[in-house]
Amino acid sequence: MIMSESPSNTQVGGSHYKDMVIQPFHFVMANNFNAFQFAVVKYASRYLNKNGVQDLKKIVHFCFLLIERLESLQEAVAEETTTRKELR
């Protein structure tokens, strides 16, 4: 696809990002956010102009996904620590 205009000045499928002073993509990149943070910023910044409550539910869903992952990682570290102590 050849673009004659900067991607920052165009948007595929609406204008809910393009019309913002700072687009979520640029904000996320400037702050070195991870994928989880990007998803939250993206849905939080558009919920009033796109999908309303559905976008807020997506934020909550991503939060629960990350909580589940972090708890799983904490459990794995705790198990590893226990195993190491038992091997001494």
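Good morning. Buried here means under 20% relative accessible area, exposed means over 50%, and partly exposed lies in between, with a 1.4 Å probe and protein chains only. What we are looking at is a predicted model, in which local features need pLDDT of at least 70 and side-chain atom pairs count only at pLDDT 80 or more, while totals for chains, interfaces and linings use all residues. Residues are numbered from 1 along each chain as its sequence is written, and side-chain values use heavy atoms, with hydrogens and water left out.

The protein chain has 3 helices and 0 strands, and from the N terminus on its elements run α-α-α. Helices (H or I, at least four residues) and strands (E, at least two) are DSSP runs, numbered from the N terminus. Asp55 is found in helix H3.

Which residues does Asp55 contact, leaving aside its neighbours within four places in sequence? They are Tyr43, Arg46, Tyr47 and Lys50, where contact means heavy atoms within 4.5 Å. With Arg46, the side chain of Asp55 forms a salt bridge, at 2.9 Å from N to O. The term stands for a side-chain nitrogen of Lys or Arg within 4 Å of a carboxyl oxygen of Asp or Glu. Side chains of opposite charge can pair when their charged atoms come close. A search of the whole structure finds 1 salt bridge, and both Arg46 and Asp55 are buried. A polar atom of the Asp55 side chain also lies 3.3 Å from the backbone nitrogen of Asn51. A polar contact of this kind is a pair of N or O atoms within 3.5 Å; within protein, one must be able to donate a hydrogen and the other to accept it, and residues adjacent in sequence count only if both atoms are side-chain atoms.

Lys58 lies in helix H3 as well. Lys58 is partly exposed, with a relative accessible area of 25%. Not counting residues up to four places away in sequence, Lys58 touches Tyr43, Arg46 and Asn51. Its C-alpha atom is 8.6 Å from that of Ala39, 19 residues apart along the chain.

I turn now to helix H2. How far apart are its end C-alpha atoms? They are 17 Å apart, which agrees with the 16 Å that the 12 residues of H2 (residues 35-46) should span at 1.5 Å a residue. The expected span is 1.5 Å times one less than the number of residues in the helix. The buried residues of H2 are Ala39, Val41, Tyr43 and Arg46; they pack against helix H1 (24-30) and helix H3 (53-87).

Next, the aromatic rings. A pair of aromatic rings is described by the distance of the centres and the angle of the planes. Rings of Phe, Tyr and Trp (its six-membered ring) pair if their centres lie within 6.5 Å; planes under 30 degrees apart count as stacked, over 60 as edge-to-face and the rest as tilted. Across the whole structure, a search finds 2 aromatic pairs. Phe27 and Phe33 form an edge-to-face pair, 5.5 Å centre to centre with 90° between the planes. Phe27 is partly exposed at 35% relative accessibility, and Phe33 is partly exposed at 29%. Tyr43 and Phe62 are stacked because their ring centres are 6.0 Å apart and their planes lie at 25°. This pair links distant parts of the chain, with Tyr43 in helix H2 and Phe62 in helix H3, 19 residues apart. Tyr43 counts as buried at 11% relative accessibility, whereas Phe62 is partly exposed at 28%.

Phe27 itself lies in helix H1. Beyond its neighbours within four places in sequence, Phe27 is in contact with Ile22, Phe33 and Val41.

Most residues other than glycine have a negative phi, and most peptide bonds are trans. Asn32 has a positive phi of about 55° although it is not a glycine. Asn32 sits in the loop between H1 and H2 and is exposed, with a relative accessible area of 68%.

Finally, the chain as a whole: of its 88 residues, 15% count as buried. Thank you.
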